[in-house]
Amino acid sequence: MAMTVELPALERTDAMTPRASSARLRRYARPALGLLLPVGLAALWELLVWLGTTGPHGIPQPIWDWLKWVGLPNGRLVPPPTRIFATIMELASSGELSRHISATLTRVAAGFGLGVIAGTILGAVSGYWGLARQLLDPTVQALRAIPSIAWVPLFILWLGIFETSKIALIAVGVFFPVYLGVMGAILSVDRKIVEVGRTFRLSGPAMIRRILLPAVLPAYVVALRVGLGLGWMFVVAAEFMGASEGLGYLLIDGQQLGKPAQIVAAIVIFAILGKTTDWLIEIATAPLLRWQDAFGRQSGAN
Amino acid sequence: MLALERVGKTYPNGVHALERFSADIRLGEIVAIIGGSGCGKSTLLRAIAGLDRATTGSVTLDHTAITAPHAKIGIIFQEPRLLPWLSVADNIGFGLSELPAGVRREKVARALARVGLTDKANAWPRELSGGQAQRVAIARALVPQPEVLLLDEPFSALDAFTRRDLQDHLLDLWNDTRPTLILVTHDVDEAVVLADRVLVMRPRPGRLFEEIKINLARPRDRNSPLFDNFKRRVLTALDRSLDRNVPDADAKSTAGEAMWW
């Protein structure tokens, strides 16, 4: 809070300036606050491993013995952040990292796309037509009850061990939250708002375009984000079932060859990619949902 | 002219909400429908709006049967029911989508000025107060220039001061084009200040009980003895409508008589 400097009353002619700068501060301070915990933990980790490799440094003997027993001080199984960073840089410089990332991203994108298309269409049909819902929904719910990983053997038999079966698995994972989200959102559109459309004699397509679509949008965005999260979850499962590239392959490879730094590196990249893609959905849809958080905006940046 | 002929409604669950309601309402007339809960006043209004079809009888506007929402009939609900994703201006222009954008913008601007919300044109509905939101709803319903405007307890959710303000404002707006107003209310004051005619209904099943003409020049002084007189008459009729010992026929025979005391 270094920005809020107390000014004598006479100098405070422009009241907007301190308020605007404190708003800007808040805008940048919030993400920085979110980084505090991971950066702090990484620093502590680094320190512990550094202490371990350079000696006890006056740490009481029983604690030191326990730490050694856990295996922390040598940093072999628990690689410190610097070593993980070095691993990432190494993978990046050899060009291997971009190959793995693009393989995984391609799978997620294809699976997510297919899952979203299928989930949106079937969810919309089930939400809009009661008859379709009665026909379709029980079956979809029963399929949803199957743990999606259970499809893996069947997909491999049907679609082979290459890309098709992996993308199918991811698409299945993405499908259900999107389907449920779209159907639920349509079913919960306020009848009173629909009635406004009726009193203005909107035709079926106009009712969908002018009332249902905007009403459903917030819930749809949430469904997309949940679906994307599951997509990232299932891409790992898909890559575990036999892949020669991809971040999931890096995980398995790191386990089999005893390279924990590579495993943690892949995990970190998953975290970064997952967060980034989620954020992309958020900012892409923000202009469409401006009406929703108008209150928050008014009290903030305005 | 809006003709209601023996309009009746029985819901699929067997509830007999409305029975043989008949009334003729002239263009430009203001009619208030008042009655205890369950007297079918909202059912009647929804039948006139074409939102729910009557099971018996007919609603006709200038000899056209109303069976679905009609371009010449607008409705204002108890809640503003603004579309939260549209700005105030776009909400007002919602029913004008067939007009060219320029004409629409001009009409919306005029309506905004008329309800005194020009400065809120680009605000979101959630930024409005209850009274402002209901003003927007009124503007939205009036902008397509309906011949009949239906109001379903439009001010009942507002505080007393805002309610009075909006009642006066509604009369003012009505004066521009003089559409027919049919107002469902449970506020005797509101009925007497606005209406040319008050229709008192009685419940189970909902039916017309008594009709009281309000022969008072506008603007009406809420504090005058004459105003109190009419209020008392409506209240008496309401009390009698809820008294099971008073037969329907008894009430109808007194309808329309002037009572001075």
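This report describes selected features of a two-chain model, going from the whole of one chain to single residues and a contact between chains.

The model is predicted, and local features are reported only at pLDDT of at least 70, side-chain atom pairs only at pLDDT 80 or more, while totals for chains, interfaces and linings use all residues. Residues are numbered from 1 along each chain as its sequence is written, and chains are lettered from A and ligands numbered from 1 in the order in which they are written.

**Chain A as a whole**

Chain A contains twelve helices and zero strands, where helices (H or I, at least four residues) and strands (E, at least two) are DSSP runs numbered from the N terminus. Of the 302 residues in chain A, 26% are buried; a residue is called buried if 20 or more other C-beta atoms, placed from the backbone, lie within 10 Å of its own, exposed if 12 or fewer, and partly exposed in between. Among the contacts in chain A with a separation of 6 or more, 69% join residues 24 or more positions apart, a contact being a pair of residues whose C-beta atoms, placed from the backbone, lie within 7 Å.

**Other loops of chain B**

The peptide bond from Arg218(B) to Pro219(B) is cis, with omega near 0°, and Pro219(B) belongs to the loop between β10 (207–213) and α7 (225–242) of chain B.

Ala195(B) is found in the loop between α6 (188–194) and β9 (197–202) of chain B. Is Ala195(B) buried or exposed? Ala195(B) counts as buried because 25 C-beta neighbours lie inside 10 Å. Beyond its neighbours within four places in sequence, Ala195(B) is in contact with Ile30(B), Val31(B), Ala32(B), Leu183(B) and Ile214(B). The C-alpha atoms of Ala195(B) and Ile214(B) are 6.8 Å apart in space, although the two residues stand 19 residues apart in sequence.

**Where the chains touch**

The contact takes 15 residues from chain B and 13 residues from chain A. On the side of chain B that touches chain A there are ten nonpolar, one polar and four charged residues, with Ala, Val, Leu, Ile, Met, Phe, Trp, Tyr, Cys and Pro counted as nonpolar, Asp, Glu, Lys and Arg as charged, and the others, Gly among them, as polar.

How values were computed:
Contact = placed C-beta atoms within 7 Å.
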